[in-house]
Amino acid sequence: MKQLLFATLLLIAVTSCSQGKGEKQPVLADKNATQETKDLYQLLSQRLKKGIMLGHQDDLAYGVGWYMLPGGSNVKDVTGRYPAVFGWELGDLELHDPYNLDSVYFSDMKALVNRAYAKGGINTFSWHADNLVTGGSAWDCKQDSVVRTCLLGGSNHARFLAWLDILADFFADLKDKDGKPIPVLFRPFHENTGNWFWWCAEQCTPKEYKQLWRMTFDYLTNTRQIHNLIWVYSPAGVPSEEKYLERYPGNKYVDILGFDSYMGNSEDAADAYTKQLDTNLTIVTDLSEKWNKIPTLSETGLEAITVNNYFTGILWPTISKYNISYFLLWRNAFNKPNHFFAPYPGHPSGEDFKKMAADKRIIMIDNYL
Ligand code: BMA
């Protein structure tokens, strides 16, 4: 009895020492996640104390003035370092296309994801899936029953699952040099509180949205046994916690609590943006604390960076007040004028970006090649 008591006390002491007082290890929604995926989730949790990772969509694939150059990166061009988080887009993979809707070949993407992972980078995937009913893009909101028809019993259920099969094959094929699945973040059906995608708030009820998410989770993890995914829920900026949770699929289906929020161009844009960031950063950090999840700013930026001190005057002073995992700046298009969210060499916001990137709390990668 005495021995048992001693062993129990020892266990309690060891556990509380290694985790720190009152800290709990976050647990993934996918109970069968691979060890590497669990490790990545722990790493994200531990890094919350160290700083905030800088992320950029399609950073290694193209930038302003270039496409697929070895080692190419607008972030590196300007700051001397690479992002720590790399965003990728799966849109059009479901059509069996060789490249996505932003002209990145999936074969190139796989190689870049592999390289980024080998160098300590973290990869996150969005999916602007086409409208299955009309054949239009993700932005086609002409009718409001797409989600319903994809659910169990719906006329497009089988076709939707066939799309998920294509995604499953892609995720299963992300392998490191030892052939082990590379753990990645998956952020499907994002900005769902808006009104611009077929899965948005005016296109389906909260119940239908939750069913769509849960079905996708169950199909990929349980039916297809894809166990290298960390699931990110990311509505558009919302006014309250109640709104954030209205379409939330539930803790059993989500690992990271994020949101997408951009600065606009109106006269009060900076105020509106910082207010939205503060409201939503408070929501995701509070909920993460309560539920043992990880908070993030999944997408952000100011298109064409029309304010020269956007980074050190607006973005960083707002987000650095919070312990979030990362912020992901949207893409620097090579073929769409003025569609960029990180500076490129010669852009007037470059110095400002460099200054922000030099902050001790910003986490980036030194070496990629
Ligand atoms: C949007 C724009 C589009 C792009 C889409 C998917 O925000 O950047 O040009 O096709 O995201 O990446």
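**Reading bonds, contacts and burial**

Colleague: The sulfur of Cys 200 is 6.1 Å from the closest cysteine sulfur, which sits in Cys 141, and that is too far for a bond. How many disulfides does the count come to?

Modeller: This is a predicted model, in which local features need pLDDT of at least 70 and side-chain atom pairs count only at pLDDT 80 or more, while totals for chains, interfaces and linings use all residues. Residues are numbered from 1 along each chain as its sequence is written, and side-chain values use heavy atoms, with hydrogens and water left out. A disulfide is a pair of cysteine sulfur atoms within 2.5 Å, and by this rule the count is 0. For Cys 204, the closest cysteine sulfur belongs to Cys 200, and at 7.9 Å it is too far for a bond.

Colleague: Is Cys 200 buried or exposed?

Modeller: Buried means under 20% relative accessible area, exposed means over 50%, and partly exposed lies in between (1.4 Å probe, protein chains only). Cys 200 counts as buried because its relative accessibility is 0%, and Cys 204, at 6%, counts as buried as well.

Colleague: Where is Asn 192 found, and which residues does Asn 192 touch?

Modeller: Helices (H or I, at least four residues) and strands (E, at least two) are DSSP runs, numbered from the N terminus. Asn 192 is in the loop between β7 (184-187) and α7 (206-223), and with 0% relative accessibility it counts as buried. Contact means heavy atoms within 4.5 Å, and, when residues up to four places away in sequence are not counted, Asn 192 touches several residues, including Trp 199, Cys 200, Tyr 209, Tyr 233 and Arg 247. A polar contact is a pair of N or O atoms within 3.5 Å; within protein, one must be able to donate a hydrogen and the other to accept it, and residues adjacent in sequence count only if both atoms are side-chain atoms. The side chains of Asn 192 and Tyr 233 make such a contact, at 3.1 Å.

Colleague: Which residues are around the ligand?

Modeller: A residue is near a molecule if one of its heavy atoms lies within 4 Å of it. Among the residues around the ligand are Glu 89, Asp 102, His 128, Trp 139 and Arg 331. Polar side-chain atoms also lie by ligand oxygen atoms, at 2.9 Å for Trp 330 and at 2.6 Å for His 339. Taken alone, the ligand exposes 310 Å², of which the protein buries 81%; such areas come from the Shrake-Rupley method with a 1.4 Å probe, and for residues only the protein chains shown count as cover.

Colleague: How many salt bridges does a search of the whole structure find?

Modeller: Side chains of opposite charge can pair when their charged atoms come close. A salt bridge is a side-chain nitrogen of Lys or Arg within 4 Å of a carboxyl oxygen of Asp or Glu, and the search finds 12. In one of them, Glu 299 pairs with Arg 187, with the closest N and O atoms 2.9 Å apart. This pair links distant parts of the chain, since Glu 299 is in strand β12 (residues 297-302) and Arg 187 in strand β7, 112 residues apart, and both residues are buried.

Colleague: How far apart are the closest N and O atoms of Asp 178 and Lys 177?

Modeller: They are 3.6 Å apart in that salt bridge, where Asp 178 is exposed at 57% relative accessible area and Lys 177 is exposed at 76%.
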